[in-house]
Amino acid sequence: MGRPRLPGFRLSLGLTLAWLGLLVLLPLAALVLKAASASPPQVWAAARSPRLLAALRLSLLAGFAAAAVNLLFGTLLAWVLVRYRPAGAGLLDALVDLPFALPTAVAGIALTRIYMPDGWVGRWLPFKVAFTPLGVFVALVFIGLPFVVRTVQPVLLELPPEEEEAAACLGASRPRILLRVVLPHLRPALFTGFALALARGLGEYGSVIFISANLPFRTEIPPLLIVSRLEQYDYLGATLIACILLVLSFALLLALQLLQRGPGRAVRLG
Amino acid sequence: MAELARTEPRAVRVALTALALAFLGGFLVVPLAAVFAEALAQGWRVYLAALREPEAWAALRLTLEATLGAVLLNTSFGLAAAWLLGKFQFPGRRLLAVLIDLPFAVSPVVAGLMFMLVFGAQGWLGPWLIDRDIRIAFALPGIVLATTFVTFPFVARELAPVFQAQGGEQEEAARMLGASGWQTFWRVSLPGARWGLAYGVILCTARAMGEFGAVSVVSGHIRGLTNTLPLHVETLYNEYQFAAAFACASLLSLSALATVGLKAWAGRRRAAAMQTSRSAP
Amino acid sequence: MTLELTAVSKRFGAFTALDQVSLRIPDGQLVALLGPSGSGKTTLLRILAGLETADQGLLAADRGRGQVGFVFQHYALFKHMSVFENVAFGLKVRPRRERPSRTGIRARVQAILDTVQLGWAGPRMPDQLSGGQRQRVALARALVTEPRVLLLDEPFGALDSQVRKDLRRWLRRLHDQTGVTTVFVTHDQEEALEVADRIVVLNRGRIEQDGTPQEVYERPASAFVYQFLGQVNRMQGRMRAGSLEVGGASLAVAEGGLAEGAEAAAYLRPHHLQVGLAAVPGSVPAFVRRLHQAGPFARVHLEAVHDGTELEAHLSQEALDALELRPGQVVYALPSRLDIFPGAPGPDYVI
């Protein structure tokens, strides 16, 4: 493409880069540089801290499990909303966005009250949910709910019915059609939705800290460890944990992006 | 001739719908209902009294100010970025899009930490700011910045596809008719994309109002001064003032519901506008 | 306004859209840029408009802001504005000094809408109008600023056949009334032949021929132009003793210039191919394949005996009746007029 035909290229490029640099890259640089000021033994010690490792393990396990549940039910929801259009679908569709719009703290205290041993749901369950890793899992499911639905929905809406009809004419059974004709179209969206839900889950703070009770080595999450370091004015410690968390998130997302085969297809993070 | 397998059998459809509704109800509706139930657990008078607390008002005001600041900043950025990404092709475009999406992959707490490292007393600009008695960390500017970071991509991401779907022909037509670049932008491009902008702004507002983790780190939790409403909810809850906490939470929930409704409405308008952009003129 | 292009070239990456094109359009002419997709005609038009810049060459055109009226194939109407607002746009964005008063604008917009027979459509939104109406709005919008040149990019390409015919006649009448220099791009040769004062035929970035409709149709300058405009019969053969030998027949050739033994082909229009029952010097034997008698003239589809080349002859109904032809019969096709162009078999342009 030659000279841009529309006005404002240089202006918008300049503004965008300036904003990006000041608001995103500068703070990130501050984080990285601070972490770099630590000596390798310090970094190693921080990375091997049993408390951090326990927290990371919990985050990853709960995060993956929650993203998986959201993958399943999110797809189901999107399918039901798009294909079956039940009564009140508009309202339900709007509701899906609630975890996104609701402040995480509100979600946190609400979920805690419900799943507490004497809460609305907790009293019916033979096992404890609040104040256990299971509680963390529940909170992450809530938080990640919209992501898969919202990435799958547009794909389903644009799906050409002719392909399914052609397969049906050729005699394929419904499960087979879903597997061979519909699923391939959905794959990129499923990957993206899963990645988004997972990314959100790994960094989640507000909705988790209430229901988890933050029991050391049991129900702590990495963001909480960062905050507790900060409360003790240990900026370096907090930074190290933050960088480890960032690296982990980026690595995971990158891995997901590569897994989703397709030359040069970027899984948009947002 | 056998019935073509065009959709699932009725029994399956009903079962799946019921399952989906149960999931939605269990995970969404129940917590939402719980907020209001808990808020009113001690009766209306306690509820209203909690809302009339001066600290609650201060928290609400701070939340609104921070949200306004973040939305204004991100809208001006979003307009520029969306114009760039939607109307032009250039090397590095994809990389730029990924960079703009970066805040989504960063935990809010980490975001707050990053700003503390720049503006905090021990941060890069710390001494410089203290000398000039400028407060950013533990004050409104810091909260605004942290919130802006967390909601950075929204306006750009939702506006860019609308700009892109417009193509460039209307702008070219405007140019041929003698309009300057700015006239073209304000009279032709932006009005044509107003629903994409509205949608992005709504998303940005919703997320900004509800932001917790980043603000928690940057604000210092100073009651009545630097507590946003979500932080205030946390403070009340930790002090076992449950009814009051849920009362404030109910306020936030109502705003969330309003947001969700607005989002659905604006989203429909945006989809319709993009549809007409893409199809025959 | 007179437009002049001198040795203009334009490339998009590895693709050459225009190759050393020179063109002069005097004031007041109605010119068609005709050619297949990829021929460079739209690029040429956009360079004239200033929407693209040439890589090489000169463009002489006295263009100020808003002095060039441009009509897009897909109208490019401002969807969020009413018809009135669309048409008024060119007047409203003028600098204050040049801007007419509000009543002035309203009067001019209404007048131009009346001219395009859409006087009632002012308050409507573009999506409430049909394609033909939208295109007329686009024209009104371009004309209201009284441009000194009007450029149209396949203006009727997106419309139904009947609407297209009506609008092209209407464009011609409009041009006769206003006298504005007008250049339009089309791939529809019928449209070009019917509307334009002058046709510039483009192929692969070069001008194949530039002349009046009659010149371009009756005296095509190349095999490409012959094939692109109007129907054509093409017979491959070889030069022998100054004549083109086609399947045993010797076709008389007007001028020389082709070497002995060179491969060449005869091009002729269907109405220049006569059909007879008796062999005559210079006639080519052919099988009758199909007769097509619905329409103003009769069409006889033939297949040359010597190599199966498909030929088509147009005759009057009476002439056909007189012959009493049956499918499979052998007849003798005699060109009454033909042109010879060198070359081996194969189409000259990419579909």
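Tutor: Let's start where chain B meets chain A: 79 residues of chain B are in contact with 80 residues of chain A, contact being C-beta atoms, placed from the backbone, within 7 Å. On the chain B side, helix H1 (residues 10-39) gives the most, with 15 residues. Helices here are DSSP runs of H or I with at least four residues, strands are E runs of at least two, and both are numbered from the N terminus. That side of chain B divides into 54 nonpolar, 13 polar and twelve charged residues. For the classes, Ala, Val, Leu, Ile, Met, Phe, Trp, Tyr, Cys and Pro are nonpolar, Asp, Glu, Lys and Arg are charged, and the others, Gly among them, are polar.

Bear in mind that this is a predicted model: local features need pLDDT of at least 70 and side-chain atom pairs count only at pLDDT 80 or more, while totals for chains, interfaces and linings use all residues. Residues are numbered from 1 along each chain as its sequence is written, with chains lettered from A and ligands numbered from 1 in the order in which they are written.

Chain B also meets chain C, where 22 residues of chain C are in contact with 15 residues of chain B. Strand S5, helix H2 (83-92) and helix H4 (131-143) of chain C each give two or more residues to that side, and by class the chain C side has eleven nonpolar, five polar and six charged residues.

S5 of chain C turns up again in an open sheet of six strands, ordered S5-S6-S7-S3-S8-S9 with mixed pairing; strands pair if DSSP finds at least two bridges between them. The edge strands, pairing on one side only, are S5 (68-71) and S9 (206-211) of chain C. Inside that sheet, S3 (residues 30-34) and S7 (residues 181-186) of chain C run parallel, joined by five bridges. C:Leu33, for one, has C:Val185 in S7(C) as its bridge partner.

Back in chain A, helices H3 (residues 50-84) and H7 (residues 133-158) pack at about 40°, their axes 6 Å apart. Axes are lines fitted to C-alpha atoms, for helices over the stretch in contact, and angles run from 0 to 180 degrees between N-to-C directions. So H3(A) is oblique to H7(A), since angles under 35 degrees count as roughly parallel, over 145 as roughly antiparallel, 65 to 115 as roughly perpendicular and the rest as oblique. By class, this helix contact has 24 nonpolar, six polar and no charged residues.

Key
Two residues are in contact if their C-beta atoms, placed from the backbone, lie within 7 Å.
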